[in-house]
Amino acid sequence: MSVRSQILKGILDGCVLAVIEHETVYGYELSKKLQEIGLADVSEGTIYPVLLRLQKNGWIHGEMRPSEAGPNRKYYQLTKNGETALLEIRNEWLGISEAVGKLMKGEK
């Protein structure tokens with residue numbers, strides 16, 4: 001596993017919650033949105049286990065809806081617990097990324 005993959009694995013739940021915070025999406029759409037923001041190595045195969053785990057944690061809710069372009073799709077939205085989890089992840093990430101950013105830039 002590459003260094004990038006290891007780092008991404010640790011923050012992917014937060015990235016998925018952050019996308020779902022703004023809009024209700026289905027799995028493929030979510031994968032495309034993450035790729036569009038620069039996380040090109042996040043495939044559908046990676047997303048679905050994350051969605052399942054987040055749903056089991058009660059952080060997102062999935063709902064089947066008809067699709068005009070094929071079979072029904074499962075759309076995901078954030079729950080109240082998910083909003084709380086995202087806030088905690090966001091605060092932790094911002095603190096960690098600032099400190100690590102200083103170290104990686106060689107700052108003291």
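Two strands pair if DSSP finds at least two bridges between them. By that rule, the protein has an open sheet of three strands in the order E1-E3-E2, with antiparallel pairing. This is a predicted model, in which local features need pLDDT of at least 70, side-chain atom pairs count only at pLDDT 80 or more, and totals for chains, interfaces and linings use all residues. Residues are numbered from 1 along each chain as its sequence is written, and side-chain values use heavy atoms, with hydrogens and water left out.

**Overall layout**

- The protein has four helices and three strands; helices (H or I, at least four residues) and strands (E, at least two) are DSSP runs, numbered from the N terminus.
- Read from the N terminus, the order of elements is α-β-α-α-β-β-α.
- The C-alpha trace spans about 55 × 30 × 20 Å along its principal axes.
- Of the 108 residues, 29% count as buried (buried means under 20% relative accessible area, exposed over 50%, partly exposed in between, with a 1.4 Å probe and protein chains only).

- Strand E1 (25-26) and strand E2 (60-67) are the edge strands, and each pairs on one side only.
- Two bridges join E1 to strand E3 (residues 70-78), and the two strands run antiparallel.
- Val25 has Tyr76 in E3 as its bridge partner.
- Helix H3 (residues 44-56) packs on the sheet and touches E2 and E3; contact means heavy atoms within 4.5 Å.
- Seven bridges link E2 and E3 in the antiparallel sense, and these strands form a hairpin with two residues between them.
- Ile60 has Leu78 in E3 as its bridge partner.

**A buried residue: Leu30**

- Leu30 lies in helix H2 (residues 27-36).
- Leu30 counts as buried because its relative accessibility is 1%.
- Apart from neighbours within four places in sequence, Leu30 is in contact with Val16, Val19, Val25, Ile47 and Leu51.
- The C-alpha atoms of Leu30 and Gly101 are separated by 27 Å, and the two residues are 71 residues apart along the chain.

**An exposed residue: Met104**

- Met104 belongs to helix H4 (residues 80-104).
- Met104 has a relative accessible area of 67%, so it is exposed.
- Met104 forms a nonpolar surface patch with Ile96, Val100 and Leu103, and together they have about 430 Å² of accessible area.
- Patches are made of residues with over 30% relative accessible area and no salt bridge, with like charges joined within 9 Å and nonpolar side chains (Val, Leu, Ile, Met, Phe, Trp, Tyr) within 5 Å.
- A salt bridge is a side-chain nitrogen of Lys or Arg within 4 Å of a carboxyl oxygen of Asp or Glu.
- Accessible areas come from the Shrake-Rupley method with a 1.4 Å probe, and for residues only the protein chains shown count as cover.

Methods
Axes are lines fitted to C-alpha atoms, for helices over the stretch in contact, and angles run from 0 to 180 degrees between N-to-C directions.
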